[in-house]
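The sequence and structure come first.

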Amino acid sequence: MSHKRIAWICLVCLVFCHLPWGAALADGGEGDAPAGMIVPAETQASMPGGLGTVMAPKPGEMVALREGPSDGARLIMAYYTGAHYWSLGSSRDYDGWAYVNFWGQTGYIPRACALEYTQVDEDEMRARYEVPTAIVRVPEGKTSVPLMNGTKGSEWVDVSLTDGTVVLVLGEAGRRSQVRVGNVYGLVESAFLERTGELGSWLYDFPPIGHAVVTGKGMEQTYLRTVPGASQNQDDRSDYGGWTFWLYGVAEADAQIGYCALQGFLPLDTVQLYLYSDLYGAERQELPEGNYTAGKDFAPGLYTFAVKEGEAGRLSTLIGGMERSYEAEGAARFDVFLPEGASVTAAGGRLIPTVREEYFAREDAKPLAGNGKLLITGDSVGSTHRITAMDGKEPSRYTITSLYCEEGEGEPKVTYTLDPGESRDQMIMPGEFIEIENCVLEAMHANG
């Protein structure tokens, strides 16, 4: 699948900031909107046109959806730049207006603000536009709130959202907001939404708060659910054991997770959660040579064992009953996860708090050569790395593990031995480790 196709699948409703009603609309109208209109189910079934996206003339503006093709027509909703729609056909266009369906909301938007897929400049969308995110807050005495007028593809769905569910706010109309969660769209009472102050991006719907590793514990099959607490609307596969996903939030008894266009919910007892606030905690500190215990002598989290150019060092860890050792030479780098109770011995080097960095494939990027271990940390659709066996050194091999595996649980995702001179391109998910021995590791596709 091409990067352009991946980007379009992942491209989700983008804008700079949340605008209160009263902000200027792209057609010159004002934002004093009535309640959102609920349209008949048969309307959704008639979508002859293709998928398009909104582009306001200026950053900070919203695009009005109106009942008729004129500035004076009743305002149904207003949408953020990047919100997706289905075109209802050019035969219904009137004097510079496009007739569209925003996942159940049907009306007209200015033709100049309606971009078909082939017209979208992905770089511009990525750089300029994002949409607000919000957390569903269920009132006391209730277990969930309804997603009104809910749609999934061309189907209408009956969906309720539990407390803690993270949603994208696509548009607003009076007391209602149109939202997206995964591939489900609908209306929610705005009073039930708590703005996070964070923005979704063109690449992933929600700003991740950590990683989630699927352990498979608690259920025979790890189906990814479309909405929280649901046994229906599952995907077709169940082999997610060992997968690492971004963690977006916790909705009651479910983890809200995603990876590019693959998004949904899994029961909390089937995943292990790793919050960025714990992995990259401010309490971590640099440690010189010595023997230490995480939680007693230093704060648990992610650390990098480093030695100086031309020197050698050794790092030994005991985590969950599993012993590991790392031999570092000549400016080598080993990223390690040290959870509560982990014992560690550093000799000839030092432990430095790992920085959550953006790591791009670029011409001046220095490859990791020899022995080393790298945590893939960027917020990307994944990264392709090329691993090449070093001449005259054996064995040449690499291993990919998860944070869960690093705790002494689970199995490595990939272990591969290279023949002399052999190269392999390997996709690695954000939140996974790659460890090399007598190899050269180069980023081929951006991890950031």
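Two strands count as paired if DSSP finds at least two bridges between them. By that rule, β17 (residues 244-251) and β18 (residues 254-259) are an antiparallel pair, joined over 5 bridges. The model is predicted, and the points below are grouped by topic.

**Overall make-up**

- The protein contains 33 strands and 5 helices.
- Buried residues make up 53% of the 448 residues of the protein.
- The accessible surface is about 19100 Å², and carbon and sulfur atoms account for 48% of that surface.
- Of the contacts between residues at least 6 apart in sequence, 72% link residues at least 24 apart.

**The sheet with β17 and β18**

- Strands of a sheet pair through backbone hydrogen bonds, in either a parallel or an antiparallel sense.
- An open sheet is formed by 5 strands with antiparallel pairing, in the order β19-β18-β17-β16-β20.
- Its edge strands, β19 (262-267) and β20 (271-275), each pair on one side only.
- From one strand to the next, the twist averages 40 degrees.
- Ala-251 has Asp-254 of β18 as its bridge partner.

**His-211 in β16**

- Strand β16 (residues 210-214) holds His-211.
- The relative accessible area of His-211 is 2%, and the limit for buried is under 20%, so His-211 counts as buried.
- Beyond its neighbours within four places in sequence, His-211 has contacts that include Thr-244, Phe-245, Trp-246 and Leu-247.
- Gln-272, Leu-273 and Tyr-274 are also among the contacts of His-211, as are Leu-403, Pro-430 and Gly-431.

**Nonpolar cores**

- The largest nonpolar core consists of 60 residues, and Phe-102, Ile-109, Leu-161, Val-167, Leu-193, Leu-279 and Leu-302 have the most contacts inside it.
- Strand β12 (residues 166-173) contributes the most to this core, namely 6 residues.
- Setting aside residues up to four places away in sequence, Val-167 touches Leu-161 and Leu-193, among others.
- Further residues touched by Val-167 include Pro-132, Thr-133, Val-179, Arg-180 and Phe-206.

**Cysteines**

- How many disulfides does a search of the whole structure find? The search finds 0.
- Cys-405 counts as buried because its relative accessibility is 4%.
- Cys-439 is buried as well, at 0% relative accessibility.

Key
Residues are numbered from 1 along each chain as its sequence is written. This is a predicted model: local features need pLDDT of at least 70, side-chain atom pairs count only at pLDDT 80 or more; totals for chains, interfaces and linings use all residues. Side-chain values use heavy atoms; hydrogens and water are left out. A disulfide is a pair of cysteine sulfur atoms within 2.5 Å. Buried means under 20% relative accessible area, exposed over 50%, partly exposed in between (1.4 Å probe, protein chains only). Helices (H or I, at least four residues) and strands (E, at least two) are DSSP runs, numbered from the N terminus. Contact means heavy atoms within 4.5 Å. Accessible areas come from the Shrake-Rupley method with a 1.4 Å probe; for residues, only the protein chains shown count as cover. Axes are lines fitted to C-alpha atoms, for helices over the stretch in contact, and angles run from 0 to 180 degrees between N-to-C directions. A nonpolar core is a set of buried Ala, Val, Leu, Ile, Met, Phe, Trp, Tyr and Cys residues joined through side-chain atoms within 4.5 Å.
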